[in-house]
Amino acid sequence: MNTPGDRPFSLARMAAVFLKELVQMRRDRLTFAIMLGIPVVQLLLFGYAIDTDPRHLPMVVERRADGPMVRSLIASLRASSYFDIIAVTDRAGEGEAMLRDGRASFLLSIPEGFEERLVRGERPQILIAADASDPVAAGGPLGALDEIARRALAPELIGPLAGLAQGPPPYEIVRLRMFNPASVTAFNIVPGLLGVILTMTMVMITSIALTRESERGTMEALLATPVRPAEIMIGKTTPYILVGAVQTLLVLIAGRLLFAIPFTGSLGAFTLAAAVFIFTNLMLGYLISTVARTQMQAMQMTFFIFLPSILLSGFMFPFAAMPVWAQAIGEGLPLTHFLRLVREIMLKGGGYADIWNDLWPLLVTLALFTLGALARFRRTLD
Amino acid sequence: MSEAPAIAVEGMTKIFGGRKVVDAVDLTVPRGAIYGFLGPNGSGKTTTIRMVCGLLRPDAGRGTCLGHDVIADAQAIKGRTGYMTQRFSLYEDLSIRENLDFVARLYRLSDRRARVDRALEELGLAARSRQLAGTLSGGWKQRLALAASMIHAPDLLLLDEPTAGVDPKARRDFWDQIRKFSARGVTTLVSTHYMDEAVQCDAIAFIAYGRKLLDAPIAEVQARVGLFARLVRGPGLDAIAEALRGAAGIAVVARFGAELHVAGTDESALDRALAAIAGRPGVTIGPIEAGLEETFIHLMAQSTDTFR
Ligand SMILES: Nc1ncnc2c1ncn2[C@@H]1O[C@H](COP(=O)(O)OP(=O)(O)OP(=O)(O)O)[C@@H](O)[C@H]1O
Ligand SMILES: [Mg+2]
């Protein structure tokens, strides 16, 4: 009649915890309302974000001409604090590839015969393409380019070329904003906000999953039953996937209605990325709840995670402009990868093929959090 | 099969913050027995019960519970044990039915619905099954928790003060039920502070300051302690009690309504002490059997002397 509880994993017991959690979630109206209210409020608050003044953005130079002027221009760019030249190439298409996959934020293209045409007074074009899916990053440096080029070339325009130093510059700078041509800040902020909201609410909600049971005294009875740690873990986290899904939908709809944010990529890829991200955060929260002794501690630890997520993920400041140590921390944050995934999919039209680079780090952290939580779970009350 | 005891642990020790809260306690509970677990507040009853069902890891000691090792095989014990915690440990934000349903699911009961219905019926809560558990009165919470711990018809019941705050009628029903279970071979270890419940047990283990002082069938308890008692009646009992307390040869002075029970381990010393008040007008002194209550008050007083 009573099968002993030696089954390593029981779907029925997991379902018991899942259903219980679902009912409790439904009863806790205030929390439920807050979880759905947060996305809307945050969206309105952050939707019109402030510009910042980023520096040291990675630039790739596609050089199809050479000469003293070109060398001087590149040297000036190197010297400027706006750009870090990460590569100089003469192969067509390579620069654009780097721009697309996010290694470079800018592509500077110097056309063939640049110097000859300049000397002939033909006003050759210098093309600068910016990854404007992060418009904060793209804005300032684009404006600075005029000045950098003028100063770089002025010393060359002497002697017979002195005449070219008068009037309009003897070249033309063509700016190209790619991926977000109108450079709307909300385009970048809103998808980023989705990640921030999910990080905050998902981690917070599961961070009290176990501490709440301990504090209310229900843990003792729960542990006295045959229920296993993995069953508790899955049963307690999965109900909140629904909440995360609703939040995601809310942000997408509000983003569309309020800020007319386009959705250019694959919906399937987006769903996959969002699901993995939501689960990663739920597991992170659950891991916290296996460590924290009280709900208060759980909240403090949540904020301890939340702050770097906001500051170092590329949400507040352009990732490429951050110092190396900050980037290293940022790479370890789930939000960093999710932001890239969302921008890639929503603004750059990415599909399944484009998400792997940032999906696998998420999957690895998810696995680590899960194993960590299982290892930390206390089967006894000591 | 019925030869092996339901609980057989020895040397169980638990240390909290450098203090031995439970100190080398042995416990042998035969199958089908109703074992009373007594002792003053903070003596280590709850801690011992938790170690027996695998909720606390003992710092020393070993043993078996339902034939399974209490340390290595806690999982197997849990499936066949019902544990009622001292503190209410059901979900206040779930309804009565949802709570029972949750527990029944955790034990993977195939006839879950029928069992939950029956439990509600027996509790007399069928009509209020949708009420949130948190809104129940204290006694009803207790009765619900008890029902939840028994829903999977366990072989062993570990009940930590199950009837605290429960009314006399419900307590009587509860003990009737425990005896019915016992007849079917279910073993019960129950902690209590009520003497009228202690006498319902087959045997009693008494612990104080983490050490077991007494472990005997209920009928032998008084004889083991060897307490002699006298009944004092008459006017001015308060003054008499005051005069007797602490006198040589007197271990216990306990007031029962309009009577005073006076007890000591040395019969002649007891009578010598009582001679001092025998002459007061209207006061009568007669012999009585030492009761459980005097016995335990004596044990507690003795343990204070020994360990403090
Ligand atoms: N988790 C813990 N950490 C530290 N000390 C503890 C812990 N649990 C119990 N104790 C201590 O162990 C001692 C025994 O506690 P226990 O709850 O076992 O007593 P008890 O006999 O059940 O008492 P009561 O009759 O009041 O229920 C107490 O002094 C208590 O303070
Ligand atoms: Mg206790």
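Colleague: Which helix and strand of chain B each supply at least two residues of the shell around ligand 1?

Modeller: Strand 2, residues 19–29, and helix 1, residues 45–52. Bear in mind that this is a predicted model.

Colleague: Which of those elements gives the most to the shell?

Modeller: Helix 1 of chain B, with three residues.

Colleague: And which residues come nearest to ligand 1?

Modeller: There are 14 residues around ligand 1, and the nearest are B:G42, B:K45, B:T46, B:T47 and B:Q86.

Colleague: How far is an oxygen atom of ligand 1 from the side chain of B:T47?

Modeller: The distance is 2.6 Å, to an N or O atom in the side chain of B:T47. For B:Q86, an N or O atom of the side chain is 2.8 Å from a ligand 1 oxygen. B:S43 uses its backbone instead: a polar backbone atom there is 3.2 Å from an oxygen of ligand 1.

Colleague: How much of ligand 1 does the protein bury?

Modeller: The protein buries 66% of the 630 Å² that ligand 1 exposes when taken alone.

Colleague: Changing topic to helix 3 of chain B. Is it mostly covered or mostly open?

Modeller: Mostly covered. Helix 3 runs over residues 96–106, and eight of its 11 residues are buried.

Colleague: Which ones are buried?

Modeller: B:I96, B:N99, B:L100, B:D101, B:F102, B:V103, B:A104 and B:L106.

Colleague: What do those buried residues pack against?

Modeller: Elements from two chains. In chain A they pack against helix 1 (11–27) and helix 9 (218–223). In chain B the partners are helix 4 (112–123) and helix 5 (138–150).

Colleague: What happens just after helix 3?

Modeller: B:R108 takes a positive phi there, about 50°.

Colleague: Now chain B as a whole. How many helices and strands?

Modeller: Chain B has 11 helices and 14 strands. Its C-alpha atoms fill a box of roughly 70 × 45 × 40 Å along the principal axes.

Colleague: What share of chain B is buried?

Modeller: Buried residues make up 53% of its 308 residues. Chain B exposes about 13300 Å², and carbon and sulfur atoms supply 50% of that area.

Colleague: What about contacts along the sequence, at least 24 apart?

Modeller: Taking contacts in chain B between residues at least 6 apart in sequence, 68% join residues at least 24 apart.

Colleague: Last one: how many positive and negative side chains does chain B have?

Modeller: Chain B has 38 positive and 36 negative side chains. The centres of the two sets lie 5 Å apart.

Methods: Residues numbered from 1 in each chain as written. Chains lettered and ligands numbered in written order. Predicted model: local features only at pLDDT ≥ 70, side-chain atom pairs only at ≥ 80, totals over all residues. Heavy atoms only, no water. Helix = DSSP H or I, 4+ residues; strand = E, 2+ residues; numbered from the N terminus. Buried < 20%, exposed > 50% of the residue type's maximum accessible area, 1.4 Å probe, protein only. Contact = heavy atoms within 4.5 Å. Areas by Shrake-Rupley, 256 points an atom, 1.4 Å probe, with all protein chains shown as cover. Lys, Arg positive; Asp, Glu negative; His and termini not counted. Charge placed at Lys NZ, Arg CZ, Asp CG, Glu CD. Near = heavy atom within 4 Å. Polar contact = N/O pair within 3.5 Å; in protein donor to acceptor, adjacent residues only side chain to side chain.
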